[in-house]
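The sequence and the structure are shown first.

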Amino acid sequence: MKKVDPSHKLYRRMRLWEFPDRYIVQPIDGSSGSWLAVSRDDGSTTLVDEFAQCAKHFVPKFQPIFGVIGMLKLLAGSYLLVISERKTVGTYLGHHIFKVVSLKVLPCDQSSRNSSKQEKKMESEFSNLLKVTEKTPGLYFSYDVNITLSTQCLNELDDESKLLPLWRQADSRFLWNTYLLEAFVDKKLDPYMLPIIQGSFQSFQSTIGLDIIDVILIARRCTRKKGTRLWRRGADSDGYVANFVESEQIIQLKGCTSSFVQVRGSIPFLWEQRVGLTLKSKFKILRHEEAAQVAERHFLGLRKKYGNVLAIDLVSKHGDEGKLSEKFATSVQNIVSDDMRYLHFDFHGICGHVHFERLSMLYAEIKDFLHKNSCYMLSEKGEKVERQVGIVRTNSIDCLDRTNVTQSMIGRKMLEFQLERLGVVEFTTQPDFEDCFKTIWANHGDDISIHYSGTPALKGDFVRFGKRTVQGILKDGWNALISYYLNNLVDNTKHDYIDLINPVSRTSKRWIKAIASFRLVLAVITMVFLFTMWMLM
């Protein structure tokens, strides 16, 4: 695989200097490249080769940074976002992967002194939202490999694309800072333009027999129709859906690599769930007449990207969920074919609250599709042996708890398939292998859930331990209480900040104010807790 042009290599370590009129970002990783100067007046950027002279009495502040995330331009000023702390979390195809531990937002708004009173008020509100940005969870990056791309997509880049800087290679669906990098485009700032994903990165190393095996699990969250749980549902008119996540399971053994990808995403037509104090807010289908067209656009996009599609719908066939499921089935009936299948599996109706082993019934129905569409495989020489030619798309209402359990089951079954393709006849592992595999899938589900709902996933004890536990059910009750609180009193602010830094995710903006009184919320939380205790009796 050809390497990126050396002139596009990303700077790994930098020093941020703060001068009265500008910020200077100085590469300190041995590079001889120009320094990035950012005006504190209007956020304009230039490349410089030396510091300007400062007054003798002025000593500039400086700090180490590990990446430039981008520039956010608002009404009366701009804001520079940088990575102030990172940690190594593993490797992807031989390259180090880092997690953003801390990021910093630097104002470039000195020109706002001439703004109107109203503009200053709005800018102040935006600035408060940006403070939430510094706490954004689950951001990952690499200086050497494009983690917005799956192993298959990465290895199937054409020769010309492989020479491009990483941000130009990126899959725009998963480039978290795509909007923030726009200010740097066409300014020869490629070594500073670091592509970042939001998602999850989990890995472990074990042995099979005498061989070392590396297992990696990556989640890439789509930036289209992005938002928090009750504030982003369904699809937009272009077919992009809420909580769309690509999950890739990678196995490396004896120098060979195998990759299996599956996706999740909200039910693909226009619908919403109004934020309110009820425990389960009503769903509302919007623009019924467009449902089939929106679903067709969504699945056309999946087929172009992944090939054959098997859509697994896990929602209940009764009540409000049943109405959504029925609409889903009728919306896709005209596009169902040999390469586009729809399968309904009533997770709660079949598995209840504890009998998740009944997912074996679902696996029996999808096994042939999984094996036929296979996984991606590279030989020890890096040569393509096999391609994945289809995708399983799973949804529940939130695409969290039921989806996590189902995807982890599919991942476990495909692990055996991948190992078989890698030549492992008898699957004999170290005792800790199964525990580690369950743990990375449980952590994977928790990370995705935290991004969308603010709390870890429910039913995580089954994914982690293979069975439901009293402790797990109690934890689910507690997380349900926290989720209720966040949905009604916090998520509107979080949702606004997501729209602020990802304008591409906006659909119809709903500036809904939280009107719930603390006493009422507390009363409902108490009811939920009592209900959870009743389930344990």
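## A pair of packed helices

In this predicted model, helices α5 and α6 lie roughly perpendicular to each other, because angles of 65 to 115 degrees count as such. The angle at which α5 (residues 291-306) packs with α6 (residues 319-332) is about 70°, and the two axes are 8 Å apart. Two packed helices are described in general by these quantities, the angle between their axes and the distance between the axes.

On the α5 side, the contact is formed by Ala291, Ala292, Ala295 and Phe299, which meet Lys327, Phe328, Ser331 and Val332 of α6. Six residues of this contact are nonpolar, one is polar and one is charged.

## An open sheet

Five strands form an open sheet in the order β4-β3-β2-β1-β5, and their pairing is antiparallel. Strands β4 (45-48) and β5 (61-65) are the edges, each pairing on one side only. From one strand to the next, the twist averages 25°. Strands of a sheet pair, in general, through backbone hydrogen bonds.

## Strand β3 and its partners

Strand β3 (residues 35-39) runs antiparallel to β2 (residues 22-27), and four bridges join the two. Within β3, Leu36 is the residue opposite Val25.

Four bridges also join β3 to β4, again in antiparallel fashion. Here Ala37 stands opposite Thr46 of β4. The hairpin of β3 and β4 has five residues between the strands, and Gly43 in this hairpin adopts a positive phi near 80°.

Definitions and conventions
Residues are numbered from 1 along each chain as its sequence is written. This is a predicted model: local features need pLDDT of at least 70, side-chain atom pairs count only at pLDDT 80 or more; totals for chains, interfaces and linings use all residues. Side-chain values use heavy atoms; hydrogens and water are left out. Axes are lines fitted to C-alpha atoms, for helices over the stretch in contact, and angles run from 0 to 180 degrees between N-to-C directions. Angles under 35 degrees count as roughly parallel, over 145 as roughly antiparallel, 65 to 115 as roughly perpendicular and the rest as oblique. Contact means heavy atoms within 4.5 Å. Ala, Val, Leu, Ile, Met, Phe, Trp, Tyr, Cys and Pro count as nonpolar, Asp, Glu, Lys and Arg as charged, and the others, Gly among them, as polar. Two strands pair if DSSP finds at least two bridges between them.
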